Amino acid sequence: MDDDEAIARSLDGDLAAYEALVARYSALAHRTAYMLGAGDEAEDVVQEAFVKAFRHLPGFRRDAPFRPWLLRIVANETHNLTRSRGRRAELALRLGATADVRAPDDPEGEAVATDRRARLLAAVRGLPERERQAVVCRYFLQLTEAETAQVLDWPVGTVKSSTHRGLARLREEVGNELA
Amino acid sequence: MSSREPFDELEAELLALGDLLDVPTPPPSDVAAAVRARLESTPDAAPAPGGEGAGAGEEAAGEPQDPGGGPDPAHGPPATPIRPHSRRPRRGEDRRRPPGRRRRWKVVTAVVIVVIAITAATPQGRAAVARILRFAGIELEIGAAPPPPVTTTAPLPGERTVPPSEVPSRAGFQVRTPSRLGPPQRTSVADGGRLVSIFWPDGIRLDQFEGTMDPYFFKKAGPPFPDFVKVGPYQALWLPGEHPLGYIKRVDGSVVPLRQAAATLIWQQNGITYRLEGVRTKEEAIRIAESLE
């Protein structure tokens, strides 16, 4: 069952089909909510977004991709949450445990690489909100410029300029040398 | 994906960093069950036929300006589905769909398939599991001892050989080929255009697929252990030994063990995950990977 069929069957009220769609996009939705600032509340945000997406499925244009449409709802729910918390959406990210598996034969090189990753992550965390959102969408979530524009509800030009400024700031902060 | 330009080093670093970031996610089936329970517990379980006063449609789709200017599903007319339900494809029709329809899903990179253990779950096997490493759309279970080999082989879902000229229209993303390997023997497209495999003599194959959030393949490995290497600016993983490879369809839960895979280089580049299998040495595999064009 591909997305199109899952959506068609969901529109007919087939909850099992929608369940399959939710399972398919669950990880990406969580990652998006978490990285856009929902943090520990990502689970609630994602559930709410999926419930709302189901209700508004009839408004989804079937010839368009489902992914950015869904992620925009996730981004909106995240925005509502951070706005209600009344403070800046913090980027609560940490490097995964996977980072320590690599290069057991080169502990020194590994330490340097780990340090650089940590500095880069800290620099991303410290970016002004719009630049950070653009960088998170484009690189951590690997969305295209067009998808980022749709998900954040910005003009494409704003995505381009925010990404550009964010990258420039990161270069200033951590330099351009490779880990 | 046409707006994606070649990435510079910092951008490549950010992409690699994103893959290493730990985001806690509950099991997808739990989320799906919770959402379903919420939909069932409320009176309007069926999708609202538009015109609803509040909710995601308002918040997600109700903004007056259309930033993209192009086809934007979140700005679609709220009242009715664009197409009547009768237009939907019948079950099993997906693979026969003409390429034009499939291309609509070009940017949908979510992977339909998740991946599972395929070797027999012996008590020793379970105890020996050291850690799970997720890397570039592939989940790797690394144990203390070599895992028992898979003795069967199976094709990928919906895998079929296609003439080279048809690859661009059948694949859901831009397919690349390493110039160092010369002309391939054959090319196949699987899973509704989500995965493309290119084959050369001597058991060399390159699999490529879009999407990096969910693992597509599952691998098990023990000694000799995987090795982190670089393909140009991209982080890569070299699995020096034979190892079991498999996956499962998330949608219906069916298990599909694939085969015992040969030594493999895995890396990710511009949102596409590549696995190059069957090259004997790490150095040669990296050279081949770097010749991708």
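At what angle do helix H7 (residues 145–152) of chain A and helix H8 (residues 156–174) of chain A pack, and how far apart are their axes? I looked this up in a predicted model. I found an angle of about 105° for the pair, and their axes lie 8 Å apart. Because angles of 65 to 115 degrees count as roughly perpendicular, I recorded H7(A) as roughly perpendicular to H8(A).

**Entry: the contact of H7(A) with H8(A)**

I then listed the residues that meet. From H7(A) I noted Glu145(A), Ala146(A), Thr148(A) and Ala149(A); on the side of H8(A) they meet Val156(A), Val159(A) and Lys160(A).

Is H7(A) mostly covered or uncovered? I found it mostly covered, with eight of its eight residues buried. The buried residues of H7(A) include the charged Glu145(A) and Glu147(A), and I also noted Gln150(A), Val151(A) and Leu152(A) as buried. Against which helices do the buried residues of H7(A) pack? I traced their packing to helix H4 (66–85), helix H6 (129–140) and H8 of chain A. Just past the end of H7(A), I noted that Asp153(A) has a positive phi of about 60°.

**Entry: chain A as a whole**

I counted eight helices and one strand in chain A. Following the sequence, I wrote down the order α-α-α-α-β-α-α-α-α. Chain A has 179 residues, and 59% of them count as buried. I also checked contacts in chain A between residues at least 6 apart in sequence: 64% of these join residues at least 24 apart.

**Entry: the largest nonpolar core**

Which residues have the most contacts inside the largest nonpolar core? I found Val74(A), Leu265(B) and Ala289(B), in a core of 104 residues. Helix H2 (residues 15–38) of chain A gives this core its largest share, 14 residues. Domain 1 (3–85) and domain 2 (97–174) of chain A both contribute residues, so I placed the core between them. As general background, I noted that nonpolar side chains tend to be buried together in soluble globular proteins.

**Entry: Val74(A)**

I finally looked up what Val74(A) touches, leaving out residues up to four places away in sequence. Its contacts are Ala29(A), Thr32(A), Ala33(A), Val45(A), Val46(A) and Ala49(A).

Conventions:
Residues numbered from 1 in each chain as written. Chains lettered and ligands numbered in written order. Predicted model: local features only at pLDDT ≥ 70, side-chain atom pairs only at ≥ 80, totals over all residues. Axes fitted to C-alpha atoms, helices over the stretch in contact; angles between N-to-C directions. Helix = DSSP H or I, 4+ residues; strand = E, 2+ residues; numbered from the N terminus. Parallel < 35°, antiparallel > 145°, perpendicular 65-115°, else oblique. Contact = placed C-beta atoms within 7 Å. Core = buried A, V, L, I, M, F, W, Y, C linked by C-beta atoms within 7 Å. Buried ≥ 20, exposed ≤ 12 C-beta atoms within 10 Å, placed from the backbone. Domains from an automatic or database assignment.
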